[in-house]
Amino acid sequence: MAILEVEHIHKSFGRTEVLKDVSFSLEKGQVVSIIGSSGSGKTTLLRCLNFLEHPDKGVIRVNGETLFDAGDLTTQLETQIRKKRLHFGLVFQSFNLFPQYTALQNVMLAKELLAEELPDYKARKKEIHREIKEQAVSLLTQMGLENRMNNYPHQLSGGQCQRVAIARALALDPDILCFDEPTSALDPELTGEVLKVIKELADNNHTMIIVTHEMSFAKEVSDQVVFMDDGYILEQGTPSQVFDSPKEERTKQFLKNYHSK
């Protein structure tokens, strides 16, 4: 069974239709890279998956559970949104770290807030806090930031901030990690350190959706590549199929323009 099923998603902003009948699926442990020109709908798709936007039409399922069905109002209750977001860990292109908190506090925050809702929170507060801190320390160590845990975002490089953001996404143990242009805000010399972390996650069988302009990286780490154009999925297949033998003329032109830069 697919871990993620996206069926016939449509999304408009006013009269502008941004997503047009988008469908794809994802197996557990797979990496799907989404490529395409700016404005093709890639980021809007991720925002719909994370319920930052509501699709106008379509269905989203995770592990066979229908999280969203445009035809079923019971799947669109605002009170359920936060719970549904826990299935997805979203890493933004602009880091979105809280500047008043250290790297460690940024990673711990969401889990601490969720823990406060546990029925035994008051009785186990110290124990729960210790467990959350231990996990955050482990994740930041995994990101190579063991010596930067008490630094604030302004004291970190862009690459370090993005690695903190990845650790924060991992802290809630999501079913699917989503990356929205994770290197676009980085200087070229910092891009490699973030891509290295993402590749390690792929090698460790994390299920991921990556919106990226890093074509060589997408070709290396992906099980499937999706090419979006003007709100449609125009082509999808293995990296070899899409990059080496694209069928659609728009895909060929996009890749040609990329390689000519």
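Predicted model: local features only at pLDDT ≥ 70, side-chain atom pairs only at ≥ 80, totals over all residues.

Author: Happy to! The residues of H3 that are buried are Ala103, Leu104, Asn106, Val107, Met108, Leu109 and Ala115. These buried residues pack against two other helices, H4 (125–142) and H5 (158–171). An α-helix has 3.6 residues a turn, so residues three or four places apart point the same way.

As for length, H3 covers residues 103–115, and at 1.5 Å a residue its 13 residues should span 18 Å; the C-alpha atoms at its ends lie 19 Å apart, which agrees.

Now for the strand. S7 (residues 176–180) has five of its five residues buried, so the rest of the structure largely encloses it. Both of its faces are covered, with Ile176, Cys178 and Asp180 buried on one side and Leu177 and Phe179 buried on the other.

S7 also has paired strands. Strand S6 (residues 88–91) runs parallel to S7 and is joined to it by four bridges; in this pairing, Phe88 stands opposite Ile176. Strand S8 (residues 208–211) pairs with S7 in the parallel sense too, again over four bridges, and here Phe179 of S7 faces Ile210. To get from S7 to S8, the chain passes through helix H6 (residues 188–203), making a right-handed β-α-β crossover.

Methods
Residues numbered from 1 in each chain as written. Heavy atoms only, no water. Buried < 20%, exposed > 50% of the residue type's maximum accessible area, 1.4 Å probe, protein only. Pairing = 2+ DSSP bridges. Right-handed = clockwise from strand over helix to strand, strands pointing away. Expected span 1.5 Å × (residues − 1). Contact = heavy atoms within 4.5 Å.
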